[in-house]
Amino acid sequence: MQRVAKFEKVSKEQFVRDWMKTMPDTQPERAESIYEKIALPRRATSGSAGYDFFSPVDLSLKPGESVTLPTGIRVHIHPGWVLMCYPRSGLGFKFRLQLNNTVGVIDSDYYDSDNEGHIFCKMINDSREGKTLVLKQGDGFMQGIFMEYGITMDDNVTEIRNGGFGSTNQ
């Protein structure tokens, strides 16, 4: 097995700033408290491909509801590798939990962005059976899988990223 990445927490200041933008009804002291409890993603077993991301807070999503969740996590990835993020399969099966962008793609150069490479997750409970998804703080909700990728022979891109969604090709 190749070791190609390292998870870290973003700085407390970055997390609080991002949390307050997405959850404006939260007091800054509460955001700081949430930060202290953030757990780094990890695999459940030696045979697991996915690294589980854990909810930083208790939350519930009724059918059709969505939430944008700052994870407090960043990842340093070796060049030539990418982190692909998916809902935990059991939550997808039971609640039709989906990521709003289908699959999250975390590029290796995202780590150095102005937002410290802070990974966000926007998820929706797409239940057709009226089931409310309940996550407790510390429950796994998303899994990330590292994948190697290639580029074309005539690729000569030299642009540098600075940001997240929509930051490239502008």
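This report walks through the overall fold of a predicted model and then looks at one of its residues, Arg74.

## Overall fold

Let's start with the chain as a whole. Its secondary structure comes to 3 helices and 11 strands. The chain is as compact as a globular protein of its length, because its radius of gyration is 16 Å, close to the 15 Å that the globule rule gives for 170 residues. If you turn the model along its principal axes, the C-alpha trace spans about 50 × 35 × 35 Å.

Contacts tell us how the chain comes together: of those with a separation of 6 or more, 76% join residues 24 or more positions apart.

## Inside and surface

Of the 170 residues in the chain, 40% are buried. The chain exposes about 10200 Å², and carbon and sulfur atoms supply 49% of that area.

## A look at Arg74

Now for a single residue. Arg74 sits in strand β5, which covers residues 73-77. Is Arg74 buried or exposed? Its relative accessibility is 14%, so Arg74 counts as buried, the cut-off for buried being under 20%.

The side chain of Arg74 has polar partners on the backbone. One of its polar atoms lies 3.0 Å from the backbone oxygen of Tyr111, and the backbone oxygen of Glu116 lies 2.8 Å from a polar atom of this side chain. Beyond its neighbours within four places in sequence, Arg74 is also in contact with other residues, including Lys6, Phe7, Glu8, Lys9 and Val10. Gly117 and Ile119 are among its contacts too.

Technical notes:
Residues are numbered from 1 along each chain as its sequence is written. This is a predicted model: local features need pLDDT of at least 70, side-chain atom pairs count only at pLDDT 80 or more; totals for chains, interfaces and linings use all residues. Side-chain values use heavy atoms; hydrogens and water are left out. Helices (H or I, at least four residues) and strands (E, at least two) are DSSP runs, numbered from the N terminus. The radius of gyration is taken over C-alpha atoms; the globule rule is 2.2 Å times the number of residues to the power 0.38. Buried means under 20% relative accessible area, exposed over 50%, partly exposed in between (1.4 Å probe, protein chains only). Contact means heavy atoms within 4.5 Å. Accessible areas come from the Shrake-Rupley method with a 1.4 Å probe; for residues, only the protein chains shown count as cover. A polar contact is a pair of N or O atoms within 3.5 Å; within protein, one must be able to donate a hydrogen and the other to accept it, and residues adjacent in sequence count only if both atoms are side-chain atoms.
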